Amino acid sequence: MALRKILTQGESSLEKVCRPVERFDRRLHILLDDMKETLAEANGVGLAAPQVGILRRAVIVVDEQDQMIELVNPVIIRQEGEQDGLEGCLSVPGMYGKVKRPNYVIVRAQDRDGNPFEVSGEGIVARCFCHETEHLDGHLFVEHTGRLYTLEELDAMEADGEELQ
């Protein structure tokens with residue numbers, strides 16, 4: 001396993017639509033293992049293959065039990081409810097924005113060996129499923145927010161009792 005460089009906003013790979021994974025082989029297993037190690041090192045909750053420069057439909061999402069879920073060729077098949085909350089991204093370091101997402105999501109995907117499965121998530125996990133699958137189509141969360149905030153700005157707003165816009 002190896003750490004991979006996380007690309008940041010402005011890198012062209014983050015703006016491209018990823019191709020489906022067709023080969024469930026050693027190369028895919030290495031990619032997924034490297035993504036898991038990179039995500040753990042970055043202390044994030046989700047990572048998509050294009051964020052490490054690989055234009056394939058593969059993501060890692062951390063669930064409520066701190067388990068890393070590997071999703072290959074993920075598709076959101078159901079969403080319910082709504083949540084409004086802060087979102088950040090390892091590819092947009094140090095910046096956060098208020099984003100509206102579904103509160104409950106079901107994803108159909110394949111595992112590292114190509115076996116199909118479905119997984120559901122609520123709250124932050126649903127947010128991560130949506131956020132990471134959008135990366136696969138060349139989108140960043142910044143497209144959904146009217147304003148980006150630094151951590152310092154958020155801390156100051158919280159201390160002053162201000163609401164996010």
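This is a predicted model: local features need pLDDT of at least 70, side-chain atom pairs count only at pLDDT 80 or more; totals for chains, interfaces and linings use all residues.
Q: I would like to start with Glu87. Where does Glu87 lie?

A: Glu87 lies in strand E4, which covers residues 83-89.

Q: Is Glu87 buried or exposed?

A: The general idea is that a residue counts as buried when its relative accessible area is under 20%. Glu87 has a relative accessibility of 4%, so it counts as buried.

Q: Which side chains make polar contacts with the side chain of Glu87?

A: Look for pairs of N or O atoms within 3.5 Å. Here the side chain of Glu87 is joined to that of Arg101 by a polar contact of 2.7 Å. The side chain of His131 also makes a polar contact with the side chain of Glu87, again at 2.7 Å.

Q: What else does Glu87 touch, leaving out residues up to four places away in sequence?

A: With those sequence neighbours set aside, the list holds Met95, Tyr96, Gly97, Val99, Arg101, Arg127, His131 and Phe141.

Q: Let us turn to the nonpolar parts. How many residues are in the largest nonpolar core?

A: A nonpolar core is built from buried residues such as Val, Leu and Phe, joined through side-chain atoms within 4.5 Å. The largest one here has 16 residues, and Val59, Val61, Leu71, Val105, Val107, Val119 and Phe129 have the most contacts inside it.

Q: Which elements each supply at least two residues of this core?

A: They are strand E2 (58-62), strand E3 (68-80), strand E6 (104-110) and helix H2 (124-135). Helix H2 gives the most, with five residues.

Q: What does Leu71 touch, not counting residues up to four places away in sequence?

A: Its contacts are Arg57, Ala58, Val59, Val61, Val107, Ala109, Gln110, Phe117, Val119 and Phe129.

Q: Now for the backbone. Which value does phi take in Asn43?

A: Phi of Asn43 is near 60°, a positive value in a residue that is not glycine. Asn43 lies in the loop between helix H1 (26-42) and strand E1 (46-48). Its relative accessible area is 69%, so Asn43 is exposed.

Q: And where does Asp66 lie?

A: Asp66 lies in the loop between E2 and E3. Phi of Asp66 is near 60°, also a positive value in a non-glycine residue. Asp66 counts as exposed because its relative accessibility is 63%.

Notes. Residues are numbered from 1 along each chain as its sequence is written. Side-chain values use heavy atoms; hydrogens and water are left out. Helices (H or I, at least four residues) and strands (E, at least two) are DSSP runs, numbered from the N terminus. Buried means under 20% relative accessible area, exposed over 50%, partly exposed in between (1.4 Å probe, protein chains only). A polar contact is a pair of N or O atoms within 3.5 Å; within protein, one must be able to donate a hydrogen and the other to accept it, and residues adjacent in sequence count only if both atoms are side-chain atoms. Contact means heavy atoms within 4.5 Å.
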